[in-house]
Amino acid sequence: MGVHFVPRGDGTLYRLWAGLSSEIALACDAGGRITEATGPLSGAATGRPLWDLAAPRQRERLRAAFVTALVHECRSDWIELALRGAGGAREWFELRIDPVTLGPDHALGAICVARSIEERRRLEREAFAAAMTDPLTGFTNRAAFIAMLSHLAEQRAEGCLALVDLDRFRAFNLRHGHAAGDRLLISFADLLRELTGPEQLLSRIDGETFAITMPGADLAAGRATAEAITNALAAVALGTERGELPFTASVGLVALGSDSDATLRAAELAVTEAKARGRARVATCPARRRVPWLWRQPRSA
């Protein structure tokens, strides 16, 4: 139901409403123009249509909700919107529209109540980021990588994918312990950051397997990046003491395709080929090559 009253015309009731609540109140006439406002929205709101405060993509939704509330003389549901305050900064609010009428079919306007949900949205963003991030390296995790690869496939984007698998990592863990293995992974992640650019997307998709997604890069550029990684690790291996395990990696390189599953399988096959040829090297899998039985075999460490 809407609010029914005989208006005084000086905004007293609107101010009373606002004064009894910690929420923000926006008083609108029947056309949606804001006549009074309280709180952080007041400086940017008065005299403008209510929906002008919303982000461009959300304006029609807010306008439609306002019209519906007045036509049906019924309070709207809470609507989540990014609204612009007096300083021009956008903040997330949830907003409800209460129509103000003199009776059936006589709408005077509406009182819109808004309350900030910025803190809740911030916590949601942080939770989402945590769910998509590998906690050890700070790279995106497998779920985020699969989503990115699927998006690129749907867009039929040009580019290439490199899977980087650390050689003999399991043996290293057995010999030195998981804590040392974690330190190795962190150091390797730092090396990848140094050897890649901001346009290249880094993910950790398995224990010792990393993905470098390179939108827009051809195979030649992808190979240059992959070989920079294998060469850097080979240089580290030369500096290790006698008897230490070498720090090398095998890399599978493929062009992005329109089927994300096929692209990933081809990259995994290329890694298997690199390891079969002696490890510490880059292998490229032809796009149409299919060896299903090999995909089902566990890769050698």
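**Asp134 and Arg204**

I began with Asp134, which forms a salt bridge with Arg204, the closest N and O atoms being 3.2 Å apart. My cut-off for a salt bridge is a side-chain nitrogen of Lys or Arg within 4 Å of a carboxyl oxygen of Asp or Glu. Asp134 sits in the loop between α4 (118–131) and α5 (142–154) and Arg204 in strand β8 (residues 201–204), so the pair ties together parts that are 70 residues apart in sequence. Helices (H or I, at least four residues) and strands (E, at least two) are DSSP runs, numbered from the N terminus. I found both Asp134 and Arg204 buried. Buried means under 20% relative accessible area, exposed over 50%, and partly exposed in between, with a 1.4 Å probe and protein chains only.

A note on what I am reading: this is a predicted model, where local features need pLDDT of at least 70 and side-chain atom pairs count only at pLDDT 80 or more, while totals for chains, interfaces and linings use all residues. Residues are numbered from 1 along each chain as its sequence is written, and side-chain values use heavy atoms, with hydrogens and water left out.

**Other salt bridges**

My count by this rule comes to 16 salt bridges. I noted one network, in which bridges that share partners join Glu80, Arg120, Arg121 and Glu124.

Next I looked up Arg115, which pairs with Glu94 at 2.5 Å between the closest N and O atoms. This pair links distant parts of the chain, with Arg115 in strand β6 (residues 106–116) and Glu94 in strand β5 (residues 90–103), 21 residues apart. Arg115 is partly exposed at 31% relative accessible area, whereas Glu94 is buried at 13%.

Then came Arg63 and Glu60, whose closest N and O atoms are 2.8 Å apart in their salt bridge. They are three residues apart in helix α3 (residues 59–72), so about one helical turn separates them. Arg63 is partly exposed at 32%, and Glu60 is partly exposed at 47%.

**Helices α6 and α7**

Last, I checked how α6 (residues 169–176) packs with α7 (residues 178–195): the angle is about 135° and the axes are 7 Å apart. Axes are lines fitted to C-alpha atoms, for helices over the stretch in contact, and angles run from 0 to 180 degrees between N-to-C directions. The two helices are therefore oblique to each other; angles under 35 degrees count as roughly parallel, over 145 as roughly antiparallel, 65 to 115 as roughly perpendicular and the rest as oblique. On the α6 side, Phe169, Phe172, Asn173 and His176 make the contact, which means heavy atoms within 4.5 Å.
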